[in-house]
Amino acid sequence: MNHLMIAPVVLPLFAGAIMLALGGEQRRNISAALNIVTSLALVAISIILLRAADVAPTGVAGVYRLGDWPAPFAIVFVVDRLATLMLLLTSLLAAAAAVFSLARWHRAGVLFHPLFQFMLMGINGAFLTGDLFNLFVFVEVLLAASYGLALHGSGSARVKAGLHYVVVNLAASLLFLIGVSLIYGVTGTLNMADLATRIPAIRADDRGLLEAGAGILGIAFLVKAGMWPLCFWLPGTYAAAPPPVAAIFAVLTKVGGYIVLRLSLLLFGDGTGASAQFGDQLLLMGGMATVAFGAIGSLASQDMARLAAFSVLVSSGTILTAIGLGQVGVTGAALFYLISSTLGLGAFFLLIELVERDREPGADVLAVTRELYGDEDDSEILQETGIAIPATIGILGVAFISCAVVISGLPPLSGFIAKFAILTTALNSPIDDLPFTTWIFLFLLIVSGLAALIALTRAGIRSFWASPDRTIPRVRLIEITPVAALLLLCAIQTVEAGPIMRFMQATAQSLHAPHDYVRRVLGSPIKPGGSRGPT
Amino acid sequence: MEIVLAIGIGVLAGSGVWLVLRPRTFQVIIGLSLLSYAVNLFIVAMGRLKIDAAPILGSHVGDDMASLPDPLPQALVLTAIVISFATTALFLVVLLASRGLTGTDHVDGREP
């Protein structure tokens with residue numbers, strides 16, 4: 001159990017390294033098998049850690065001290081409810097995307113599988129670490145891998161979008177460093193729990209510097225989370241990325257959201273002295289602007305990939321606004337929404353490629369040429385298509401409707417429960433006391449759902465009904481299964497909404513009152529001379 | 001000493017920002033490099049500037065910790081240098097790919 005805490009980082013690292021050592025594209029099958037096995041193992045590990053964190057009375061399953069140093073002096077990994085929840089979400093999406101990529105996308109370029117594993121390593125590390133600079137390192141690991149994956153398959157559209165993506169994120173990383181070093185200069189520590197204890201005691205003259213550092217750090221995370229006006233790079237990159245990569249990218253914006261949520265509540269939550277609620281107002285306003293921008297953008301999108309990218313912005317904005325409201329209930333509901341929307345969007349990114357497959361310009365021509373001249377290729381085509389699914393269009397249609405229902409937040413799937421929970425918890429206080437911004441948020445939440453519904457319905461009609469001469473896309477079982485599995489998870493989240501919501505509310509409680517977190521990280525007394533395993 | 005370093009960081013960061021906002025990819029990459037130099041110097045400065053202080057613990061130092069510079073920013077800046085160097089090299093590859101595919105060095109992949 002003790003060393004299981006670091007497995008989400010070490011396992012993908014070794015898997016990726018082995019794949020690199022195997023080298024050569026002729027051994028791609030071994031890499032692919034390793035990728036699937038590792039991704040599934042990560043799902044299992046995440047579930048074990050999640051259960052351990054949930055039964056622990058403090059909500060912290062354990063603190064892994066690297067090198068066994070006492071807490072403020074070295075890097076710690078903290079396995080608490082929020083971290084394990086994000087781990088599970090990532091590994092589920094990753095497993096689905098890895099299976100999906102086997103159909104053909106992993107052959108579109110080199111080193112897909114190792115990069116995939118390194119990106120998982122970066123994401124998992126960012127969720128687990130309890131140290132600000134280590135967070136920077138893991139974010140760089142995941143970004144470096146994501147640069148490679150965003151360009152996977154090449155082509156001028158991808159390279160153009162990738163160029164912007166790399167520049168924006170390099171600049172954001174530099175801001176990250178400036179923020180981290182300012183905070184270090186003022187407080188003298190980088191351990192998040194240690195920071196939480198020191199910030200209330202900062203001298204008044206230094207507070208300006210601290211807040212400047214936190215603000216710059218916040219900008220770096222908000223670029224990753226895609227808050228308006230820092231999000232203009234996002235739709236282009238996500239729309240151009242290969243579908244299995246885009247599905248994982250749906251979680252990347254949530255990494256930014258996760259860090260904002262964790263740090264704002266840990267460092268600037270209630271009872272942290274003069275800096276309490278620092279930045280909440282900005283998150284509230286910025287989040288609402290993001291929701292509005294995403295909704296307008298999704299209405300304006302002509303193709304489905306851009307529509308999905310703008311839906312990512314809506315989801316991100318909703319979460320940021322909910323963080324900005326700073327109420328325990330809303331945070332819990334927003335976490336429920338985070339899981340539901342990320343699963344839905346991941347499934348949608350995968351599904352888009354299946355639906356649009358034979359509508360790409362050039363692909364149609366290619367198919368016709370094959371039919372006319374390609375007799376000798378028949379065996380190869382058979383191999384490519386694999387098991388033919390009857391009523392492909394029917395299955396794709398049902399999957400599309402399910403995605404639309406989850407993303408726009410209609411009953412009966414989990415998106416509706418998530419939005420309903422946010423609405424009820426935000427309205428929980430006496431109706432006269434509600435600030436005007438809350439009303440605007442509720443209005444935006446409902447209108448963005450309507451906008452998503454209109455945009456998705458339009459896209460669905462255009463691709464399923466309005467083209468009588470369309471060819472039925474060749475879809476393999478291995479491609480539709482991950483989509484169906486992700487949607488099934490949304491259905492499970494709907495059926496099991498009670499226990500899951502209880503877990504989310506417990507997570508939100510411990511986030512808003514981080515004493516247990518701080519005590520577990522810093523607390524364990526040092527036994528001189530004795531060997532002290534990870535606690 | 002402080003003012004020299006501050007002006008140095010300021011000039012590097014200012015030129016870096018200006019270059020990053022230019023339309024040619026080569027200007028952008030030089031701008032990013034300058035910015036990362038500025039940030040690296042800034043990290044060192046956040047450990048407080050010290051003159052004539054031993055960089056590492058030695059027998060001649062004794063117990064006076066105040067005479068030593070803060071070692072942590074030095075460790076941080078090493079990591080930051082490596083990472084920014086690696087990511088800049090990666091950007092260089094993307095830059096060349098973009099130049100090859102689009103035939104222009106404009107950041108948008110086409111001449112305005």
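Visitor: Where should I start?

Guide: Start with the conventions: residues are numbered from 1 along each chain as its sequence is written, chains are lettered from A and ligands numbered from 1 in the order in which they are written. Because this is a predicted model, local features need pLDDT of at least 70 and side-chain atom pairs count only at pLDDT 80 or more, while totals for chains, interfaces and linings use all residues.

Visitor: How many helices and strands does chain A have?

Guide: Helices and strands are DSSP runs numbered from the N terminus; a helix is H or I with at least four residues, and a strand is E with at least two. Chain A has 21 helices and two strands. Chain B has three helices and zero strands, and its pattern along the sequence is α-α-α.

Visitor: What share of each chain is buried?

Guide: A residue is buried if 20 or more other C-beta atoms lie within 10 Å of its own, exposed if 12 or fewer, and partly exposed in between, with the C-beta atoms placed from the backbone. In chain A, buried residues make up 56% of the 535 residues. In chain B they make up 28% of the 112 residues.

Visitor: What share of the contacts join residues at least 24 apart in chain A?

Guide: Two residues are in contact if their C-beta atoms, placed from the backbone, lie within 7 Å. Take the contacts in chain A between residues at least 6 apart in sequence: 80% of them join residues at least 24 apart. For chain B, residues 24 or more positions apart account for 54% of the contacts with a separation of 6 or more.

Visitor: How do the two strands of chain A pair?

Guide: Strands pair if DSSP finds at least two bridges between them. Strand S1 (residues 60-65) and strand S2 (residues 76-80) of chain A pair in the antiparallel sense over five bridges. A:Val60 stands opposite A:Asp80 in S2(A). S1(A) is mostly covered, with six of its six residues buried.

Visitor: How do I read two helices that pass each other, such as H3(A) and H19(A)?

Guide: Angles under 35 degrees count as roughly parallel, over 145 as roughly antiparallel, 65 to 115 as roughly perpendicular and the rest as oblique. The axes of H3 (residues 81-101) and H19 (residues 477-495) of chain A come within 8 Å and cross at roughly 165°, so the two helices are roughly antiparallel. Among the residues that meet are A:Leu92 and A:Phe100 in H3(A), and A:Glu479 and A:Leu489 in H19(A). The contact residues divide into nine nonpolar, one polar and one charged. For these classes, Ala, Val, Leu, Ile, Met, Phe, Trp, Tyr, Cys and Pro count as nonpolar, Asp, Glu, Lys and Arg as charged, and the others, Gly among them, as polar.

Visitor: Is A:Phe133 buried or exposed?

Guide: A:Phe133, in helix H5 (residues 132-150) of chain A, is buried because 22 other C-beta atoms lie within 10 Å. Leaving aside neighbours within four places in sequence, A:Phe133 is in contact with A:Val180, A:Leu190 and B:Leu76.

Visitor: Where are the cis peptide bonds?

Guide: One joins A:Trp228 and A:Pro229, with omega about 5°. A:Pro229 lies in the loop between helix H8 (204-225) and helix H9 (234-240) of chain A. Another joins A:Pro411 and A:Pro412, with omega about 10°.

Technical notes. Axes fitted to C-alpha atoms, helices over the stretch in contact; angles between N-to-C directions.
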